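Here is a briefing on one protein model. Please look over the sequence and the coordinates first, then read the notes by topic.

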Amino acid sequence: MMVTADDIAPRALRAELTARLVSKGWIRTPAVRAAFERVPRHLFVPATVTLADAYADEIVATKRGPDGKTMSSVSAPWLQAYMVEQAEIQPGARVLEIGSGGYNAALIAELAGPQGQIVTVDIDADVTTAARAYLDRAGYPHVHVVHGDGEHGHQTGAPYDAIIITVEAADIPPAIIEQLETDGVIVMPLRMRGITRTLTLRPRGDHLAATAALQCGFVPMQGAGRDLTRRILLRGDAVVLRLDDATEVDAAALAAALDRPRADVWSPVTITMQEGTSFEGLHLWLASQPRPFGTLIIDRERTAGLLDPQDKFTCPTLLSTDSLAYLTMRKTGDNCWQFGAHGFGPDAGTLTSDLIDLLTVWDRDYRPGPAPHITVHPTGTSLPDGDHLRLLVPRRHTTIAVTWPAPAGPR
Ligand SMILES: C[S@@+](CC[C@H](N)C(=O)[O-])C[C@H]1O[C@@H](n2cnc3c(N)ncnc32)[C@H](O)[C@@H]1O
């Protein structure tokens, strides 16, 4: 093929992106590296997107809903690299992708090689039309693009060695589990009490067990599997409490609680902030407690002076009907921060003190480990027992279990 000047810029940008993903550890294997070096990402974005943006580290939003929220995107390259690495796609593999766009399917096609069979399904006809065109022009006409609801998987083409779901799910439908090879792998973002993790799930007898989990954000599932969190607006959309289970709160009382003085309590637990510092384990630990729980999303500008949660998108929050206490942090030195709790409402004292106790136990027993086991049990199958603490998230088709093993060593 003749190389023109127009090819050189994308090729250089692609090499730089690949090098960044390798240096940050997102790309681990030569096969995934080669796939990133080959697939022309800029051919899978709308013409209005600049070359620099196509090869940046961020997502490229490709479709927005009437409310301005992203409905479809080309996912962030680091997350795509992570997911295809986790899927361990071999030459000749049969792979199903739920949630299309084209680029990720092209990466999968590179990994599966000419003998591979790739199906990518999207519920949105605009997305599948664009994906078909992008895949054709980039040289992947053999990828099968299907317009449909991923809830049903795609029976023609099953069983799959790997199923990669690139849209946030609250549950795993039976078709997905049935269409997986007995030694196959599902890589997908699964939401548990408002906390989403990209899980690598493998069959273990009658259930699936996660062999890896990573914090992430994705657009929510549409169609038959649509299951959004409930959003309680406490100061319009500047303070939103998300509930992901049957927890009942008195929304008016909670909103009024924010007018009362705030209880600030500080823990002995500190954290040193550096690149890669993660709150994943702590968030899931707090979400796993057998008590009313939600997550807070706030607009920092509009709530300055009132609220200061540790995380403005997904802040763990303990609840009673009319009170709340969320996780917070304050700076105490160079890169050093102290965890605490801010509480509002009549139960603020109890909730903040409980949050401090939970922080202390996490610090003593679960930081840095042991990590929780996450398993997914189709409805009607048995659930594990005998472990230390377990969160059960009952969904329509499955129950998700997050089990914290008893801490090692003397306590
Ligand atoms: C983050 S985008 C997919 C990114 C894509 N895999 C890529 O190449 O980067 C998520 C997609 O999931 C699709 N989606 C949402 N619900 C779906 C469903 N039930 N079945 C299939 N696709 C769905 C959306 O239309 C959207 O295009």
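How many disulfides does a search of the whole structure find? The search finds zero, a disulfide being a pair of cysteine sulfur atoms within 2.5 Å. This is a predicted model: local features need pLDDT of at least 70, side-chain atom pairs count only at pLDDT 80 or more, and totals for chains, interfaces and linings use all residues. Residues are numbered from 1 along each chain as its sequence is written, and side-chain values use heavy atoms, with hydrogens and water left out.

- Cys216 is in no disulfide; the nearest cysteine sulfur belongs to Cys315, 18 Å away.
- Cys216 is buried, at 13% relative accessible area. Buried means under 20% relative accessible area, exposed means over 50%, and partly exposed is in between (1.4 Å probe, protein chains only).
- Cys336 counts as partly exposed, with 22% relative accessibility.

**Nonpolar cores**
- A nonpolar core is a set of buried Ala, Val, Leu, Ile, Met, Phe, Trp, Tyr and Cys residues joined through side-chain atoms within 4.5 Å.
- The largest core has 73 residues. Ile165, Ile186, Leu234, Trp285 and Phe339 have the most contacts inside it.
- Helix H10 (residues 348–366) supplies the largest share of this core, seven residues. Helices (H or I, at least four residues) and strands (E, at least two) are DSSP runs, numbered from the N terminus.
- Trp285 touches Leu358, Val361, Trp362, Tyr366, Leu389 and Trp404, not counting residues up to four places away in sequence. Contact means heavy atoms within 4.5 Å.
- Another core, of 45 residues, lies apart from the largest one; Ala35, Ala81, Ala162 and Ile164 are among its members.
- In soluble globular proteins, nonpolar side chains tend to be buried together.

**Ten-stranded sheet**
- Ten strands form an open sheet with mixed pairing, in the order E5-E4-E3-E6-E7-E8-E9-E17-E19-E18. Two strands pair if DSSP finds at least two bridges between them.
- Strand E5 (144–147) and strand E18 (389–394) are the edge strands, each pairing on one side only.
- From one strand to the next, the twist averages 20°. Axes are lines fitted to C-alpha atoms, for helices over the stretch in contact, and angles run from 0 to 180 degrees between N-to-C directions.
- Helix H6 (residues 125–138) packs on the sheet, touching strand E4 (117–122) and E5. The direction of H6 makes about 170° with that of E5.
- Strand E6 (residues 160–165) has five of its six residues buried, so the rest of the structure largely encloses this strand.
- Strand E3 (residues 94–98) runs parallel to E6, and four bridges join them. Leu96 stands opposite Ile163 in E6.
- E6 also pairs in the parallel sense with strand E7 (residues 180–192), over four bridges. Ile186 in E7 is the bridge partner of Ile163.
- Strand E8 (residues 195–204) and strand E9 (residues 207–215) pair antiparallel over eight bridges. Thr200 stands opposite Ala212 in E9.

**Seven-stranded sheet**
- Seven strands form an open sheet with antiparallel pairing, in the order E10-E11-E13-E14-E15-E16-E12.
- Strand E10 (230–233) and strand E12 (263–272) stand at the edges with a single partner strand each, so one side of each has no neighbour in the sheet.
- Here the twist averages 35° from one strand to the next.
- Strand E13 (residues 293–298) and strand E14 (residues 315–319) pair antiparallel over four bridges. Thr317 in E14 is the bridge partner of Gly294.
- Helix H9 (residues 280–287) lies across E13, E14, strand E15 (324–333) and strand E16 (336–344), at about 155° to E15.
- H10 lies across E12, E14, E15 and E16, at about 10° to E12.

**Tyr140**
- Tyr140 is found in the loop between H6 and E5. It is buried, with a relative accessible area of 6%.
- Tyr140 touches Val39, Pro40, Phe44, Ala106, Ala109, Glu110, Arg132 and Leu135, not counting residues up to four places away in sequence.

**Domains**
- The chain is divided into domain 1 (5–167), domain 2 (230–366) and domain 3 (375–404). These bounds come from an automatic or database domain assignment.
- Nine residues of domain 2 are in contact with six residues of domain 3. The centres of these two domains, taken over C-alpha atoms, are separated by 25 Å.
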